[in-house]
Amino acid sequence: QVQLVESGGGLVQAGGSLRLSCAASGRTFSSATMGWFRQAPGKERQFVAAISWSSGTTYYAYYADSAKGRFTISKDNAKDTMYLQMNSLKPEDTAVYYCAARNARNIIAIMNPTLYDYWGQGTQVTVSS
């Protein structure tokens, strides 16, 4: 059974940092496309960042405009874990953050949440002003 489990959320003041983790089990996602999404109350699920495998140890990262320059996505294949380092957090970053994974390693419509096959349960991030 494939599982994605997020951790690392919490309450932080504006300007602070958090590091989210997404641990995978049940299969390896070393070559699969994976991503982070977030959903604030009353809003649609929103793309944050994604990472895709190219070849060897080369990965590419993709970011929403709101995340560029502040967030960094990464993977540790030895641990089957994906991370999202979030710096300079703003109150508008407050949301439940979800990790997601695809069966395949394509980057087609990488920001579309409906094209991801597996989802974690989410972790709450709250940024106070």
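Okay, let's start with a definition: buried is under 20% relative accessible area, exposed is over 50%, and partly exposed is in between, with a 1.4 Å probe and protein chains only. By that rule Ser88 comes out as partly exposed, because its relative accessibility is 40%.

Some housekeeping. What you see is a predicted model, where local features need pLDDT of at least 70, side-chain atom pairs count only at pLDDT 80 or more, and totals for chains, interfaces and linings use all residues. Residues are numbered from 1 along each chain as its sequence is written, and side-chain values use heavy atoms, with hydrogens and water left out.

Let me stay with Ser88 for a moment. You'll find this serine in the loop between strand 8 (81–86) and strand 9. When I say strand, I mean a DSSP run of E, at least two residues, numbered from the N terminus. Gly16 sits 72 residues away along the chain, yet the two C-alpha atoms are separated by 5.5 Å.

Next, the loop between strand 9 and strand 10 (118–119), which is where Met111 lies. Met111 counts as exposed because its relative accessible area is 54%. Leaving out residues up to four places away in sequence, Met111 touches Phe37 and Phe47. From Met111 to Ser88 we have 23 residues in sequence and 23 Å in space, C-alpha to C-alpha.

Ala109 is in that loop between strand 9 and strand 10 too. Its phi is positive, about 45°, although Ala109 is not a glycine. With a relative accessible area of 41%, Ala109 is partly exposed.

On to the sheet. Strands of a sheet pair through backbone hydrogen bonds, either parallel or antiparallel. Here we have an open sheet of four strands in the order 1-3-8-7, with antiparallel pairing; two strands pair if DSSP finds at least two bridges between them. At the edges are strand 1 (3–7) and strand 7 (71–76), each pairing on one side only. From one strand to the next, the twist averages 15°, with axes being lines fitted to C-alpha atoms (for helices, over the stretch in contact) and angles running from 0 to 180 degrees between N-to-C directions. Strands 1 and 3 are joined antiparallel over five bridges, and Gln3 has Ser25 in strand 3 as its bridge partner.

Now the disulfide, which is a pair of cysteine sulfur atoms within 2.5 Å. How many does the structure hold? One. It joins Cys22 to Cys99, at 2.1 Å from S to S. The pair links distant parts of the chain, 77 residues apart: Cys22 is in strand 3 (residues 18–25) and Cys99 in strand 9 (residues 95–101). The torsion about the S-S bond is about 55°, so this disulfide is right-handed. Are these two cysteines buried or exposed? Both Cys22 and Cys99 are buried.

On a 1 Å grid over the protein atoms alone, a cavity is a set of points where a 1.4 Å probe fits but cannot get out, and lining residues have an atom within 4 Å of a point. Grid points are joined across faces, edges and corners, and the volume is the space filled by probe spheres set on the points. The count is one cavity of 30 Å³ or more, and the largest cavity holds about 40 Å³ of space. Its lining includes Cys22, Ala24, Phe29, Met34 and Met82. Strand 3 and strand 8 each supply at least two residues of that lining.

Terms used: Contact = heavy atoms within 4.5 Å. 1 Å grid on protein atoms, 1.4 Å probe; cavity = no way out; pocket = protein on both sides within 12 Å on 5 of 7 lines; lining within 4 Å.
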